[in-house]
Amino acid sequence: MNPEKALMTQEPDARASDVSDAPDATASDVPATAATGVHARIDVSGVVSGQRPEAGTVFECAEVDVYYGDFRALRDVSLDVAEHGVTALIGPSGCGKSTFLRCFNRMNDLIEGARVEGTVNYYGVDLYQDEVDPVEVRRRVGMVFQKPNPFPKSIYDNIAYGPRLAGVKRSALDDVVEGSLTRAALWDEVKDRLKMSAYGLSGGQQQRLCIARAIAVQPDVVLMDEPCSALDPIATGRIEELIAELKTEYTIIIVTHNMQQAARISDMTAFFSVQANEMGHRTGELVEYAPTSLIFTNPDDPRTEAYITGRVG
Amino acid sequence: MTPDHLTAADLQTSLGRRIRSQTVRWLFMGAAAVTVLVSALIIWTVASGAWTFISQVEFTRLTDIGWFPRRGLFDLTTLLVNSAQISVIAMAVAVPSGFGAAFYLSEYAHPRVRRVMKPTLELLASVPSVVLGVFAISFITPSILTNFFSEINFFNKLAAGIAVGLLVIPLIASISEDALRAVPQALREASAGLGARRVTTSIRVVLPAAMSGLMAATIVGFSRAIGETMVVTIASGGGDTSLYNLSLFESGGTLTSAMAALGLGTDQVAGNNLAFQSLFFLGALLFAMTLVLNMVGDVIVRRLQNRY
């Protein structure tokens, strides 16, 4: 399937055919996964990958500006995101890293008055051209939010929500739910209470549920906006392990306030900073983007060094 | 700075200030007591009048051909059926448009549109019910309903029900909109992030999450519809006398319009003391019904209490 065409489809069926193939794969994968602990990529995008313009690059961002009304929140960000890796966005509060994250699945569209300029290419397709339907983008680029936000529904219905939208058949849902919860390392804890409210879970479990919910729709990319900031260190540890496992299957972009976390889990790190103009408006900008090991040992920019060594921020 | 000798007297308030604060306290308490006292008086008056009626009336008179209090015929079925018919029509009008308006304002409308539309909606709530009653007989029946139903009576339950519905729309829309807007934005984002369209998010996430508020809106609306007096008195007629019939195209008195007619107190009503007492009986009935409705509403709301 041509990705450009796929993104523009208005028909849910087009995508549904993709996903409804998947449960069979999931079903046969689950026992193996459980036994070996190896998480095999369920490849529903095999056809797509043949036409990718540049192998290994998911997003190419060029000169991205984000405005809220007249106020420019983010200036001139250009960076590429590699496939099957973890890219961390770090920086002080108000530097626009969450704003930037929300450009990757057009989540900023939901904010009244928000406007994105520049180009965000997803496998070569500009996500901000008129023909692109943000709903189709979000089925491929999933999101996990800062505060766990399960629906006030059962655990099962939380996971099944996305697949149902995508047209997965009722008979296949059980397998999708089990597969997603297994991959989110939550299955063993909840398998006996799938019909109970998701609100009965602890904060850490809720966040893993949200991750399971995000991957249940078989996205290519998972965006995470400070997924551990509302969690205690033990729950944080579990999410970090999970991210390390998920990156074999998904491209992950994560915003974090915790520099140790970025150092532990990411392959690439983007450091954002914020500058106030003479009017007092604070605009975020990308200072440095490099392999994580380099950012934390030998950063190019003195501002990065000041931040990561704790002298600023 | 630390004081050398601190005694309790240094920390005492002046007598005048203490008296003033006590006086204010008693004034407020008096105001609160008046409302309780008035409620108790109303209940006592209505209940004792109702008791006089129920203890003297022959029970066979409570089921008859219709509501003719001056002739001693107190068929309750007539009034209850008419009240129910009109309220159901009103809800059939008010619930879809009230919910629709609430969903539009909360989920779709641009803030600028909402700033104009919300007050407009609330303006409809401030239309006096007597105006809507006149609107029913001067417009709804002659200009609209007669085009569809040639045999319709000038005073009819259908027009009354529609007009009561119009009256209740803003109430339902306003409570529903508050309920929808109370649903956390995080849930909408979660849904959008999974590739849900706005309509899907509205129906599958926002609607269930706001269910208790929407139920509350419906029940409050129903309670308001069944208690509405002026619109039905004008538009449906039949308050003073009313023959039992099920047709929506005919006039028919309701609990409230019968009370209004009795309350106007002609000599004939005063002459037949039971007719006058029936006013209190109807009042007690209406009061009990709205009380039960509100309690049911409360239970439903608590059972569906938002879990987010």
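Visitor: How much area is buried between chain A and chain B?

Guide: Buried area is what two parts lose in accessible area on being put together, summed over both. In this predicted model, about 2000 Å² is buried between chain A and chain B, with carbon and sulfur atoms giving 60% of that area. A:Pro152, A:Tyr161 and A:Leu165 supply 26% of the area that chain A buries against chain B, more than any other three residues.

Visitor: How many residues does the contact take from each chain?

Guide: Chain A gives 27 residues and chain B gives 21 residues.

Visitor: How many salt bridges are counted between chain A and chain B?

Guide: A salt bridge here pairs a side-chain nitrogen of Lys or Arg with a carboxyl oxygen of Asp or Glu within 4 Å. The count between the two chains is three. B:Arg197 forms a salt bridge with A:Glu136, and their closest N and O atoms are 3.7 Å apart.

Visitor: Which elements of chain A each supply at least two residues of the side that touches chain B?

Guide: They are helix H5 (134–140), strand S6 (141–144), helix H6 (155–165) and helix H9 (203–215). By class, the residues on that side of chain A are 14 nonpolar, four polar and nine charged.

Visitor: What is the volume of the largest pocket, and which residues are closest to its centre?

Guide: The volume is about 630 Å³. Of the 23 lining residues, A:Leu110, B:Glu107, B:Gln185, B:Arg188 and B:Arg198 are the closest to the centre. Elements giving two or more residues to this lining include H5 of chain A and helix H2 (76–108) of chain B. The lining has nine nonpolar, five polar and nine charged residues.

Conventions
Residues numbered from 1 in each chain as written. Chains lettered and ligands numbered in written order. Predicted model: local features only at pLDDT ≥ 70, side-chain atom pairs only at ≥ 80, totals over all residues. Heavy atoms only, no water. Contact = heavy atoms within 4.5 Å. Buried area = accessible area lost by both parts, 1.4 Å probe. Helix = DSSP H or I, 4+ residues; strand = E, 2+ residues; numbered from the N terminus. Nonpolar A, V, L, I, M, F, W, Y, C, P; charged D, E, K, R; others polar. 1 Å grid on protein atoms, 1.4 Å probe; cavity = no way out; pocket = protein on both sides within 12 Å on 5 of 7 lines; lining within 4 Å. Points joined across faces, edges and corners; volume = space filled by probe spheres on them.
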